[in-house]
Amino acid sequence: WHMPRALIEFRRQGLDVIAAPTGFATNSTSWIEQLLPQAHALYNSSLALHEWLGLFAQHFTKPPVARL
């Protein structure tokens, strides 16, 4: 979830990194269960919102990173 922000911070420090995301989320519920509201979906939405707000704050509080 935090890969974009981490890449920016590493590049700000002058490091050339290659993103290697792990920890993929999977869905093992049936298609009928997917139609019903689920608590973990709200949790996932809150994680995504947290990361978007972090990117927004990072953009406006730190100097831009030079592209490699």
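Modeller: Residues are classed by relative accessible area: buried means under 20%, exposed over 50%, and partly exposed in between, with a 1.4 Å probe and protein chains only. Accessible areas come from the Shrake-Rupley method with a 1.4 Å probe, and for residues only the protein chains shown count as cover. The model is predicted: local features need pLDDT of at least 70, side-chain atom pairs count only at pLDDT 80 or more, and totals for chains, interfaces and linings use all residues. Residues are numbered from 1 along each chain as its sequence is written, and side-chain values use heavy atoms, with hydrogens and water left out.

The protein chain has three helices and zero strands, in the order α-α-α from the N terminus. Helices (H or I, at least four residues) and strands (E, at least two) are DSSP runs, numbered from the N terminus. Of the 68 residues in the protein chain, 7% are buried. The chain exposes about 6,100 Å², of which carbon and sulfur atoms supply 67%. A contact means heavy atoms within 4.5 Å; among contacts between residues at least 6 apart in sequence, 76% join residues at least 24 apart.

Two salt bridges are found in the whole structure, the criterion being a side-chain nitrogen of Lys or Arg within 4 Å of a carboxyl oxygen of Asp or Glu. One of them pairs Arg5 with Glu51, with 2.8 Å between the closest N and O atoms. Arg5 belongs to helix α1 (residues 3–12) and Glu51 to helix α3 (residues 39–61), so this pair ties together parts that are 46 residues apart in sequence. Arg5 is partly exposed, at 24% relative accessibility, whereas Glu51 is buried, at 12%.

The other salt bridge joins the side chains of Arg12 and Glu9, at 2.9 Å from N to O. Both residues lie in helix α1, three residues apart, or about one turn of the helix. Arg12 is partly exposed, with a relative accessible area of 23%, and Glu9 is also partly exposed, at 25%.

Helix α3 carries Glu51 and has 23 residues. From its first C-alpha to its last, α3 reaches 33 Å, close to the 33 Å expected at 1.5 Å a residue; the expected span is 1.5 Å times one less than the number of residues in the helix.
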